Amino acid sequence: MRSSFAAILVTGFFVSLCIIGLRNTGYLEFLELAAYDRYIALQSKAHPHDPRIVIIAISEADIKEMGRWPITDSALAYSLKILNKYGPRAIGLDIYRDMPVPPGEKGLSDIFEQADNIVTVKKIGDETFPGIPSPYFLKTGELTGFNDILMDTGGIVRRGLLFLEDGGDNHYSFSLLLALLYLEKDGIVPEPGGTNPKHLRLGRTTFVPFETNDGGYAGADARGYQFLLDFKGGQSAFKTFSMMELLSEKIRPEDIHDRIVMIGVTAESVRDFFCTPLNTVTDSAEDSSKMPGVVLHAQIVSQLLRSATEGDRPIRVLDDRYEWLLIMVFGILSGILALFRHSVLRFSLLVLAGLILLGIGSLLLFNAGWWVPVVPVAISWLTASAILNAFLSHQENVQKRLLMQLFSRHVSKDVAEVIWRQRDRFMEDGRPRPLRLTATVLFGDLKGFTSVSEMLDPQILMDWLNGYMKAMSHLVMEHSGVVNKFIGDAIMAVFGIPLPRKSPEEISLDARNAVDCAIAMSSEIRGLNILWEKQNLPSMKMRIGIFTGPLIAGSLGSKMRMEYTVIGDTVNIASRLEGLYKDQEDADLEKNGCRIFIGEETRLHLDPSFQTRLEGSVTLKGKGKEITIYRVTGKN
């Protein structure tokens with residue numbers, strides 16, 4: 001057991017280190033992000049829509065109705081005029097306007113000169129794209145935010161941006177500016193974080209910047225001020241109207257008043273769509289299955305508002321040390337589980353149950369705002385359990401072979417299986433545990449075997465003796481005994497091992513089984529003599545000694561050669577009873593072919609059906625105390 005626990009600790013630690021190494025090199029990132037996406041999708045379905053945000057969507061039908069794309073400055077100015085009439089807190093224009101789209105340039109400029117609640121967009125760009133500047137009609141860019149989107153491998157958006165640095169300048173995101181305009185009326189303004197003044201605090205929440213190895217990421221680009229998006233409410237989280245509904249003034253003023261209104265394109269032909277955890281599809285999938293850019297920015301604004309007003313913090317991650325500890329703990333726990341398994345089916349069900357509990361637990365933690373490393377923990381759980389199961393199965397096979405070598409040839413199959421099932425209390429350090437118990441020992445020997453063996457050919461002698469031993473061994477096992485050893489022509493059997501007897505009834509049953517076996521041996525030797533006579537082989541007579549008492553059962557020898565045996569006075573007395581009066585004539589022995597002597601301790605366990613005759617009290621060789629012996633003459 002101690003060696004198994006040591007193997008569990010070493011294996012669990014080694015497997016965990018390998019998995020942590022794989023994780024840090026990014027080989028598990030795609031699996032962890034896939035699990036993250038699944039949790040995001042499950043979480044989003046249970047969240048209601050956000051009434052603070054309204055979307056004006058420019059659909060394919062709107063473009064067809066207006067007759068062109070992009071829409072003219074005059075149409076855009078008219079839409080903004082209508083919206084401002086309804087009194088929104090903020091308007092977000094998610095449409096690039098780096099150059100005029102006549103007619104209506106002056107009217108659009110006039111709108112922006114009069115309004116102080118409209119946020120426009122620009123694009124910072126990167127090495128592959130130069131970017132798009134602020135709208136042409138703005139004199140300052142205070143209410144212009146970048147709408148750059150971060151995409152992971154595979155084009156999936158999982159993170160939002162609050163700030164970006166470009167050439168030493170710090171830029172605000174489009175979504176952050178909209179959220180700040182809305183929150184300003186509630187008295188919420190950006191503040192330094194409590195524990196770290198470099199962090200941004202909005203109302204009830206401090207936004208901790210995303211780090212390169214947060215969650216399931218490995219070496220991610222963490223430039224700028226990033227945070228994980230939760231996509232609560234999904235694509236249907238916001239009330240949406242079409243551009244034509246706005247231009248025809250079919251929208252009720254109360255649907256706009258005191259809200260954030262975001263104008264953006266949802267037409268498939270413009271292709272402003274993004275993959276998110278809610279619809280992780282390939283690049284070849286239809287755009288309609290993805291999230292429009294304006295809805296994505298609305299999701300970011302909604303999350304910022306929830307964080308500031310409700311304390312709904314962005315998804316948090318564990319420190320690396322705790323993630324490593326969690327991986328190691330599950331690796332070791334799976335090994336402990338393997339140690340106490342009792343069948344392949346039960347072990348498989350327990351491993352499956354562990355995975356299910358891990359999945360449920362990680363989902364509950366995710367809903368509580370924590371992203372735990374479920375994939376590497378699950379791999380640690382499965383890998384360590386598989387390795388340790390194989391190791392412990394090998395150990396068990398070695399133990400089983402040892403037990404079968406010790407017992408399978410001398411006990412019945414049922415007894416051998418019981419021994420194996422109870423191996424935990426029967427084995428210690430790879431060998432049978434020494435036990436002090438009460439059992440009945442039987443010794444049987446052939447009279448005059450030495451002189452007979454000198455007369456026979458060696459091959460005939462061995463065949464003759466093997467036939468005799470086979471018959472007697474079969475009788476021992478039939479009577480629930482164990483053939484402990486063969487000593488030349490003698491046989492030693494024990495009734496009451498290797499499974500210890502605890503009750504007086506069990507000990508008495510062993511004694512009766514031993515005497516029943518001796519009576520059966522007496523009948524068997526007579527039958528063998530008839531057979532041997534037909535084969536011109538010498539007939540033989542058998543002496544049997546039986547005694548019941550305490551003894552010690554255990555294994556002797558080394559791993560190279562080990563023997564299960566019993567030692568103690570009970571063994572010695574049974575052996576002396578068998579050899580008692582061996583040099584004297586015995587009428588019963590000559591008549592019946594067998595003589596059975598038992599001690600007083602054995603007779604006390606017999607019922608009246610056994611016929612015995614008192615032989616007297618004798619002092620056996622090497623013993624100072626007299627032993628009362630009985631001759632068994634039969635059974636009713």
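## Cysteines

Cys18 counts as partly exposed, at 38% relative accessibility, whereas Cys275 is buried, with a relative accessible area of 2%; here buried means under 20% relative accessible area, exposed means over 50%, and partly exposed lies in between, with a 1.4 Å probe and protein chains only. The structure holds 0 disulfides, a disulfide being a pair of cysteine sulfur atoms within 2.5 Å.

This is a predicted model, in which local features need pLDDT of at least 70 and side-chain atom pairs count only at pLDDT 80 or more, while totals for chains, interfaces and linings use all residues. Residues are numbered from 1 along each chain as its sequence is written, and side-chain values use heavy atoms, with hydrogens and water left out.

## Overall form

Along the principal axes, the C-alpha trace spans about 140 × 50 × 45 Å.

The protein has 19 helices and 26 strands, which are DSSP runs numbered from the N terminus (helices are H or I, at least four residues; strands are E, at least two). Buried residues make up 50% of the 636 residues, and the protein exposes about 30700 Å², of which carbon and sulfur atoms supply 56%, as computed by the Shrake-Rupley method with a 1.4 Å probe, and for residues only the protein chains shown count as cover. Among contacts (heavy atoms within 4.5 Å) between residues at least 6 apart in sequence, 74% join residues at least 24 apart.

## Nonpolar cores

The largest nonpolar core holds 74 residues, of which Leu162, Ile260 and Met262 touch the most other members; such a core is a set of buried Ala, Val, Leu, Ile, Met, Phe, Trp, Tyr and Cys residues joined through side-chain atoms within 4.5 Å. Leaving aside neighbours within four places in sequence, Leu162 is in contact with residues including Phe146, Leu176, Phe207, Tyr225 and Leu304. Apart from this core lies another, of 38 residues, among them Leu446, Met469, Ala471 and Leu528.

## Buried elements and residues

Helix α6 (residues 174-184) is largely enclosed by the rest of the structure, because 10 of its 11 residues are buried; among them are Phe174, Leu176, Leu180 and Tyr182.

Arg23, in helix α1 (residues 2-24), counts as buried at 8% relative accessibility, and beyond its neighbours within four places in sequence Arg23 is in contact with residues including Glu32, Glu323, Ile327 and Pro376. Leu537, found in the loop between α16 (504-534) and β22 (541-557), is buried too, with a relative accessible area of 17%. With neighbours within four places in sequence left aside, Leu537 is in contact with Ile460, Trp464 and Trp532, and its C-alpha atom is separated by 9.4 Å from that of Leu461, 76 residues apart along the chain.

## Backbone geometry in loops

The peptide bond from Trp69 to Pro70 is cis, with omega near 0 degrees, and Pro70 lies in the loop between α3 (60-66) and α4 (73-85). The bond from Pro102 to Pro103 is also cis, with Pro103 placed in the loop between β2 (90-93) and α5 (105-114).

Asp258, although not a glycine, has a positive phi of about 60 degrees; Asp258 lies in the loop between α7 (243-247) and β12 (260-265) and is partly exposed, with a relative accessible area of 23%. Arg271 likewise has a positive phi, near 60 degrees, in the loop between β12 and β13 (273-274), and counts as exposed at 59% relative accessibility.
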